Amino acid sequence: MKENTVTDTRGTRPGGSRLHRRRATVGAAVLGMAAVLLAGCATGGEDNWNSTAVGDDKSIEELHLRSVLLVTDKEGAPARLLGTFENDGDQAVDVRIGDEDESITVTVPAQGSVGLDTLPTILQSAGDAPGARTRLTAATDTGDVDLLVPVVDGTLDPYKPYLPE
């Protein structure tokens, strides 16, 4: 009867076993990926403002309200409404958006959108100071939604062009 012999060669080759080398390679790869991820986090902040949509998103039927926010410099001051309204429907939609004191009506064309960065939409009062979130209601003939929108500081560079005068 022939006996099979298995020889353990781990540790006898230069550079250690295959398992040890594989663990070292995987460990180096994980550390490298962590370094890349941490470096990516370090590039955020003020230099990366425009990459983040900070507003609230809601929909009423085929009307989509995207990144809705208010720009003002202080509580009780006039505020500019920003965001994008998109209409996937076949008919134009009038949307009324505002708080309990006042509202603005915006007409969104069928299969179109309206960017509020090019359409002056001013509320006479933000209701809250920059840094807060305030409630607005958006309503159409088919329904309404409550929005909890950020009030952003219009004295910051990305929002200065939209600060009401």
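Analyst: One cut-off to start with: buried means under 20% relative accessible area, exposed means over 50%, and partly exposed lies in between. Also, this is a predicted model.

User: OK. Where does glutamate 62 fall, then?
Analyst: Glutamate 62 has a relative accessibility of 45%, so it counts as partly exposed.

User: And what is the place of glutamate 62 in the fold?
Analyst: Glutamate 62 sits in a loop. That loop lies between β1 (56–60) and β2 (63–72).

User: Which residues gather in the patch of negative charge?
Analyst: Glu62 is one of them. Glu61, Glu86, Asp88 and Asp90 are there too, and the patch is on the surface.

User: Switching topic. How many salt bridges does the structure hold?
Analyst: It holds 2. In one, the side chain of lysine 58 meets that of aspartate 56, at 3.5 Å from N to O. In the other, aspartate 157 pairs with lysine 160, at 3.4 Å from N to O.

User: Take lysine 58 and aspartate 56. Buried or exposed?
Analyst: Aspartate 56 is buried, because its relative accessible area is 13%. Lysine 58 is partly exposed, at 31%.

User: And the other pair?
Analyst: Aspartate 157 has a relative accessible area of 61%, so it is exposed. Lysine 160 is at 46% relative accessibility, which means partly exposed.

User: Now glycine 98. Where is its place?
Analyst: Glycine 98 is in strand β4, which covers residues 93–98. Its relative accessible area is 4%, so glycine 98 is buried.

User: What is glycine 98 in contact with, leaving aside neighbours within four places in sequence?
Analyst: Ser103, Leu136 and Thr137.

User: And how are glycine 98 and leucine 123 placed?
Analyst: They are 25 residues apart along the chain. Their C-alpha atoms are separated by 7.5 Å.

User: Zoom out. How many helices and strands does the protein have?
Analyst: There is 1 helix, and there are 9 strands.

User: What share of the residues is buried?
Analyst: Buried residues make up 31% of the 165 in the protein.

User: Last one. What part of the contacts links residues 24 or more positions apart?
Analyst: Among contacts with a separation of 6 or more, such residues account for 53%.

Definitions and conventions
Residues numbered from 1 in each chain as written. Predicted model: local features only at pLDDT ≥ 70, side-chain atom pairs only at ≥ 80, totals over all residues. Heavy atoms only, no water. Patch = residues over 30% accessible without salt bridge, like charges linked within 9 Å, V, L, I, M, F, W, Y side chains within 5 Å. Areas by Shrake-Rupley, 256 points an atom, 1.4 Å probe, with all protein chains shown as cover. Salt bridge = Lys/Arg side-chain N within 4 Å of Asp/Glu carboxyl O. Lys, Arg positive; Asp, Glu negative; His and termini not counted. Charge placed at Lys NZ, Arg CZ, Asp CG, Glu CD. Helix = DSSP H or I, 4+ residues; strand = E, 2+ residues; numbered from the N terminus. Buried < 20%, exposed > 50% of the residue type's maximum accessible area, 1.4 Å probe, protein only. Contact = heavy atoms within 4.5 Å.
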